[in-house]
Amino acid sequence: MSAGPETSKARSASPAEGVRARTLYGRRHGKKLRPGQQGLLDTLLPKLLVPVAHSLDPRDHAAPLDLPALFGRAMAGGYWLEVGFGSGEHLVWQAERNPDIGVIGCEPYINGIAKCLAHIERTGAANIRLFDNDARFVMAALPPGSLGRVFVLFPDPWPKLRHQKRRFVCRENLDRLAALMVPGAELRLATDDPVHLPWMLEQTCLHPAFEWLAGSPADWRHRPEDWPPTRYEQKMLAGRRPAFLRFRRR
Ligand SMILES: C[S@@+](CC[C@H](N)C(=O)[O-])C[C@H]1O[C@@H](n2cnc3c(N)ncnc32)[C@H](O)[C@@H]1O
């Protein structure tokens with residue numbers, strides 16, 4: 001079952017949408033889109049959309065995603081994934097500077113997708129593909145060993161104890177990412193949340209497939225040069241210091 005090249009506006013409810021509703025906790029819609037934004041969702045998004053089933057059921061992903069077909073050519077530098085790209089500033093920055101890499105961005109928040117499409121149109125970056133829903137649906141469809149880098153930047157922290165099962169960085173998702181990442185691939189995580197930071201570190205450092213690359217606190221307190229600030233970072237930090245966490249797939 002394929003999601004097909006449809007816009008969020010056009011999509012109707014389906015059994016797969018039922019799976020999404022149970023698994024995704026963030027909001028999908030914000031304030032009313034401007035006509036130009038809606039136009040980009042209607043015209044540009046269908047050309048960039050990753051065609052995977054909106055499902056976590058392996059039976060819906062029997063044929064793995066054909067990445068060269070998705071990008072129109074085999075990308076010499078491989079493929080990267082960004083989970084929850086927000087408005088896409090970081091995603092487009094990375095894609096522009098790494099034109100030989102195919103960059104897949106996942107974000108269910110429609111207003112963010114519209115902003116990302118505007119960045120893509122402005123820059124002309126041709127090596128980006130988007131998925132307008134839960135990143136785990138794409139992770140279920142990607143071939144093993146297909147990713148050279150994964151970004152999960154300022155994921156929703158779900159700081160309350162009773163909501164911790166909603167956090168994206170968890171054993172189940174790390175298992176899946178470990179299977180998708182080539183040895184030596186980099187996993188980049190960021191958070192400014194004092195509850196989420198030790199959680200992320202515990203989950204990732206205890207995972208046998210990942211090795212934390214920090215040699216000293218300076219390594220995770222200071223922004224690496226090839227890691228631009230995200231929109232969340234620029235607008236929402238309210239004086240909190242972010243942590244920049246880099247892990248290597250063993
Ligand atoms: C706090 S925002 C940060 C956005 C962006 N990374 C930034 O730093 O500006 C977290 C984002 O993750 C997205 N998100 C949450 N769960 C997700 C999932 N399962 N798959 C993809 N995106 C997800 C949300 O819609 C939201 O836009």
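Figure 1. Lys-115 is partly exposed, with a relative accessible area of 31%. The model shown here and in the other views is predicted. Lys-115 belongs to helix 6, which covers residues 110–123. On the surface, Lys-115 gathers with Lys-31, Arg-34 and Lys-235 in a patch of positive charge.

**Figure 2. Gly-112, a buried residue of helix 6.** Gly-112 is also found in helix 6. Its relative accessible area is 1%, and it counts as buried because the limit for that class is under 20%. Beyond residues up to four places away in sequence, Gly-112 touches Phe-85, Gly-86 and Ser-87. The C-alpha atoms of Gly-112 and Asp-132 are 9.6 Å apart, with a separation of 20 residues in sequence.

**Figure 3. The buried side of helix 5.** Helix 5 spans residues 89–97, and its buried residues are His-90, Leu-91, Val-92, Gln-94 and Ala-95. These buried residues pack against helix 6 and against five strands: strand 1 (79–83), strand 2 (102–106), strand 3 (128–131), strand 4 (147–153) and strand 5 (181–191).

**Figure 4. Surroundings of Thr-230.** Thr-230 sits in the loop that runs between helix 10 (217–221) and helix 11 (231–236). With a relative accessible area of 9%, Thr-230 is buried. When neighbours within four places in sequence are set aside, Thr-230 is in contact with His-90, Leu-153 and Phe-154.

Figure 5. Phe-154 is not a glycine, yet its phi is positive, at about 50°. The loop that holds Phe-154 lies between strand 4 and helix 8 (171–180). Phe-154 is buried, at 10% relative accessibility, and Thr-230 is in contact with it. Trp-158 lies in the loop between strand 4 and helix 8 as well. Trp-158, another residue other than glycine, has a positive phi near 40°.

Figure 6. The structure holds 12 salt bridges. In one of them, Asp-57 pairs with Arg-59, and the closest N and O atoms are 2.6 Å apart. Asp-57 is partly exposed at 24% relative accessibility, whereas Arg-59 is exposed, with a relative accessible area of 70%. In another salt bridge, the side chains of Asp-134 and Arg-136 meet with an N to O distance of 2.6 Å. Asp-134 counts as buried, at 3% relative accessibility.

Figure 7. The side chains of Asp-226 and Arg-149 meet in a salt bridge, 3.6 Å from N to O. This pair links distant parts of the chain, 77 residues apart: Asp-226 is in the loop between helix 10 and helix 11, and Arg-149 is in strand 4. Asp-226 is partly exposed, with a relative accessible area of 30%, while Arg-149 is buried at 14% relative accessibility. Through salt bridges that share partners, Arg-149 and Asp-226 are joined with Glu-186, Arg-188 and Arg-246 into one network.

Technical notes: Residues are numbered from 1 along each chain as its sequence is written. This is a predicted model: local features need pLDDT of at least 70, side-chain atom pairs count only at pLDDT 80 or more; totals for chains, interfaces and linings use all residues. Side-chain values use heavy atoms; hydrogens and water are left out. Patches are made of residues with over 30% relative accessible area and no salt bridge: like charges are joined within 9 Å, nonpolar side chains (Val, Leu, Ile, Met, Phe, Trp, Tyr) within 5 Å. Accessible areas come from the Shrake-Rupley method with a 1.4 Å probe; for residues, only the protein chains shown count as cover. A salt bridge is a side-chain nitrogen of Lys or Arg within 4 Å of a carboxyl oxygen of Asp or Glu. Lys and Arg count as positive and Asp and Glu as negative; His and the chain ends are not counted. The place of a charge is taken as NZ of Lys, CZ of Arg, CG of Asp or CD of Glu. Helices (H or I, at least four residues) and strands (E, at least two) are DSSP runs, numbered from the N terminus. Buried means under 20% relative accessible area, exposed over 50%, partly exposed in between (1.4 Å probe, protein chains only). Contact means heavy atoms within 4.5 Å.
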